[in-house]
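The sequence and structure come first, and the notes follow by topic.

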Amino acid sequence: MHFTTWNLLFTGMVSSILLLNLVQWNIYRERIYGLYAVYMLAWLVYFGLRLNGIYVYTSPSMQNFVRGTAPMLAYVIYFDFIDALVNLRSTIPFLLKLFRISRIIILAYVLLIGLLCFGHWNESIFNIAHTVIRLLIIALATYAIPKINQLEGTVPRYLALGSGLLLLGAIASMVMSIGEVYKLNPDSFLYSPLSYLEFGILGELICFTLLLGYRQRRGAIQSAIIEQELAREREQHHREQVEAELENEKLQQQMSAVQMKALRSQMNPHFLYNSLNAIRLFVLQNDSDNADKFLVKFSRLMRLILENSRQEWVTLASELEQLELYLELEQLRFDNKFDFSVETDATIPQESVSIPPMIIQPYIENSILHGIAHKPGRGHIHVSVRQNGAGLQCIVEDDGVGRQKASELKSRTVSSHKSVGLKVTEERLQLISQQTGKQSAVTIIDKASEENQPTGTIVAIQLPLMAVEV
């Protein structure tokens, strides 16, 4: 194979590696790929001018200038390439200093060659300068390659191997050029000094391409590891956040339960106080029969209250039984001032549905004390429980004097009755909403006749429909 053919093949291979590197540079946008591309471009210019299609169109001055300076400019880029790979400032600072001095010498050499090629040509000075600068580069490489090889890691190994191949190719080319070996067989590329420089460059480029590929793969692995660690940290943070939220929710539920117990403990003394006052009234009136009836019903009611006071939720059947006993007691206390009825939707399983204890009683008490008690005639209280969508609706309806009239009568008394039960129940309903996340509220409607006269009150209590816990 003639050198011309081999040189064309060589420039094609270098061009392919250059294109691959440009693609990588476009993807990763790292400085090291730019340096590598400029480095290869310098060698392409150096060997490209020797192609037949280009050689004939360049002047001898340009050919001599490129032949003398292109390799040296490639080495200037090469110094930065090595520094970018192994960070000479922290690994081999003395070598970095040598590179800086060599860069100045090379730039001075390029200026000299420019003056010789485009000013006053002197072949002997050109050859001497060219030989001296090549010996300087060889000496520098002979020192630098072992130093780089001593560094730990795969990257320095690839770098030292590639640089070593280039050094061997440069030495072989220089020796063959000085010895004029090419004259033995001018037609064979194996006898051309430049062929061995090209072999060294190809070996170096292959090593550097593998080096960059390894470096990129290692970077991708490190990025993947970092991403996994970040993902684990995010997952751990999310888990801790969820646990903190659950713990906070648990604390809120515990606080709500404590508040609920406190509220129930306020209601029981309030109810007991009213009941004991009724018994006291019967005793003062010497009404032993009603006092006896009242005590029997009162004891049954107390048993239910004591049983239910330990629980946050009781069965609907137990609560309705308690309400009926309470209404019977109030009938006795108010001398049958009213009658009552309790109605439950047949579709609601009373033993399977739960309800907060003592949640309806305060509104019944309010109807009796402020609605029925002030009515001239006999009153009626109707309690109904029915399903309302996904919830339970408890309605207390009376035909008393209405809220406006009751408020007027209340304002005339010296010691007005303060309804502790209603306030406590409203607070309980708010806590029930917080605990269950379902609607829990009370609505009061004033009834009126066609003449717009008050005819009573309707209280609608909305509760969540809860199943009894087994």
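This is a predicted model: local features need pLDDT of at least 70, side-chain atom pairs count only at pLDDT 80 or more; totals for chains, interfaces and linings use all residues.

Ile 395 stands opposite Ala 460, a residue of strand S7. The strands concerned are S5 (residues 391-398) and S7 (residues 454-464), which pair in the antiparallel sense over 8 bridges.

**The sheet**
- Five strands, in the order S2-S4-S5-S7-S6, form an open sheet whose pairing is mixed.
- The edges are taken by strand S2 (338-344) and strand S6 (441-448), and each has a single partner strand, so that one side of each is left without a neighbour in the sheet.
- On average, and with direction ignored, neighbouring strands of this sheet are turned by 15° against each other.

**Helices on the sheet**
- Helix H11 (residues 316-333) packs on the sheet, where it touches S2 and strand S4 (379-388), and the direction of H11 makes about 175° with that of S2.
- Helix H12 (residues 361-372) also packs on the sheet, touching S2, S4, S5, S6 and S7, and the direction of H12 makes about 150° with that of S4.

- Gln 462 has its place in strand S7, and because its relative accessible area is 13%, under the 20% limit, Gln 462 counts as buried.
- The side chain of Gln 462 makes a polar contact with the side chain of Asn 388, at 3.0 Å.
- When its neighbours within four places in sequence are left aside, Gln 462 is in contact with Asn 388, Gly 391, Leu 392, Gln 393, Gln 439, Ser 440 and Ala 441.

Terms used:
Residues are numbered from 1 along each chain as its sequence is written. Side-chain values use heavy atoms; hydrogens and water are left out. Two strands pair if DSSP finds at least two bridges between them. Helices (H or I, at least four residues) and strands (E, at least two) are DSSP runs, numbered from the N terminus. Axes are lines fitted to C-alpha atoms, for helices over the stretch in contact, and angles run from 0 to 180 degrees between N-to-C directions. Contact means heavy atoms within 4.5 Å. Buried means under 20% relative accessible area, exposed over 50%, partly exposed in between (1.4 Å probe, protein chains only). A polar contact is a pair of N or O atoms within 3.5 Å; within protein, one must be able to donate a hydrogen and the other to accept it, and residues adjacent in sequence count only if both atoms are side-chain atoms.
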